[in-house]
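The sequence and the model are shown first, and the description follows.

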Amino acid sequence: MSNSIACIITDKDKILIALRNPVGDMGNRWEFPGGKVDPGETDEISIVREMREEFGVVAKPGEKITSNSFIHKGKECYLNAYFVSLEHDGIEKPFILTEHQAYKWVYPDEIPVDNFVDSDLKILPYVLKAIELKK
């Protein structure tokens with residue numbers, strides 16, 4: 001069993017999504033930023049590490065939104081989604097991408113569900129509800 005985190009980063013009415021590099025099982029698909037929780041890490045430590053490694057930015061973990069399980073390569077995996085705040089929004093000062101080829105701020109109804117990773121699609125209804133309640 002492996003654990004992963006999804007970083008739900010909002011700014012005003014928009015949410016940050018990222019397009020994975022064109023390699024691997026989920027290449028060229030959109031997702032919420034995040035990644036695997038390494039052995040010995042808490043989710044919060046993983047959030048800070050993943051955002052630093054993949055976006056070159058300091059992150060502050062917030063409230064947990066939801067958890068869900070999914071099967072990846074025949075193994076059960078758990079995905080925990082958290083609200084996360086960043087030191088900047090990546091617009092005036094671009095994020096430094098290592099695992100993604102692009103990112104964008106979208107309104108929730110603009111999330112490209114036809115090209116969004118499956119595990120994030122499973123949590124999407126809970127994320128949208130949490131964003132609505134946060135307003």
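Is Glu31 buried or exposed? The model examined here is a predicted one. In this model Glu31 has a relative accessibility of 7%, and because buried means under 20% relative accessible area, Glu31 counts as buried.

The side chain of Glu31 forms a salt bridge with that of Arg20, at 3.2 Å from N to O.

## Salt bridges elsewhere

Across the whole structure, a search finds six salt bridges. One of them joins the side chains of Asp118 and Arg29, with an N to O distance of 3.0 Å. This pair links distant parts of the chain: Arg29 sits in the loop between E3 and E4, whereas Asp118 is in helix H2 (residues 118–134), 89 residues apart.

A further salt bridge brings together the side chains of Arg49 and Asp38, at 3.5 Å from N to O. Asp38 is found in the loop between strand E5 (34–36) and H1, and Arg49 in helix H1 (residues 43–55), so the pair ties together parts 11 residues apart in sequence. The two partners have their own accessibility values: Arg49 counts as buried at 10% relative accessibility, while Asp38 is partly exposed, with a relative accessible area of 34%. Through salt bridges that share partners, Asp38, Glu41, Arg49, Glu50 and Glu53 are joined into one network.

## Helix H1

Helix H1 consists of 13 residues. From its first C-alpha to its last, H1 reaches 17 Å, close to the 18 Å expected at 1.5 Å a residue. Just after H1, Gly56 adopts a positive phi of about 65 degrees.

Which residues of H1 are buried? They are Asp43, Ser46, Ile47, Arg49, Glu50, Met51, Glu54 and Phe55. These buried residues pack against several strands, namely E1 (2–8), E3, E5, E6 (59–72), E7 (75–86) and E8 (100–106).

## Asn80 in strand E7

Strand E7 contains Asn80. With a relative accessible area of 10%, Asn80 is buried. Leaving aside residues up to four places away in sequence, Asn80 touches Ser4, Ile5, Ala6, Asp43, Lys64, Thr66 and Ser67. One of these contacts, Asp43, is also among the buried residues of H1.

How values were computed: Residues are numbered from 1 along each chain as its sequence is written. This is a predicted model: local features need pLDDT of at least 70, side-chain atom pairs count only at pLDDT 80 or more; totals for chains, interfaces and linings use all residues. Side-chain values use heavy atoms; hydrogens and water are left out. A salt bridge is a side-chain nitrogen of Lys or Arg within 4 Å of a carboxyl oxygen of Asp or Glu. Buried means under 20% relative accessible area, exposed over 50%, partly exposed in between (1.4 Å probe, protein chains only). Helices (H or I, at least four residues) and strands (E, at least two) are DSSP runs, numbered from the N terminus. The expected span of a helix is 1.5 Å times one less than its number of residues. Contact means heavy atoms within 4.5 Å.
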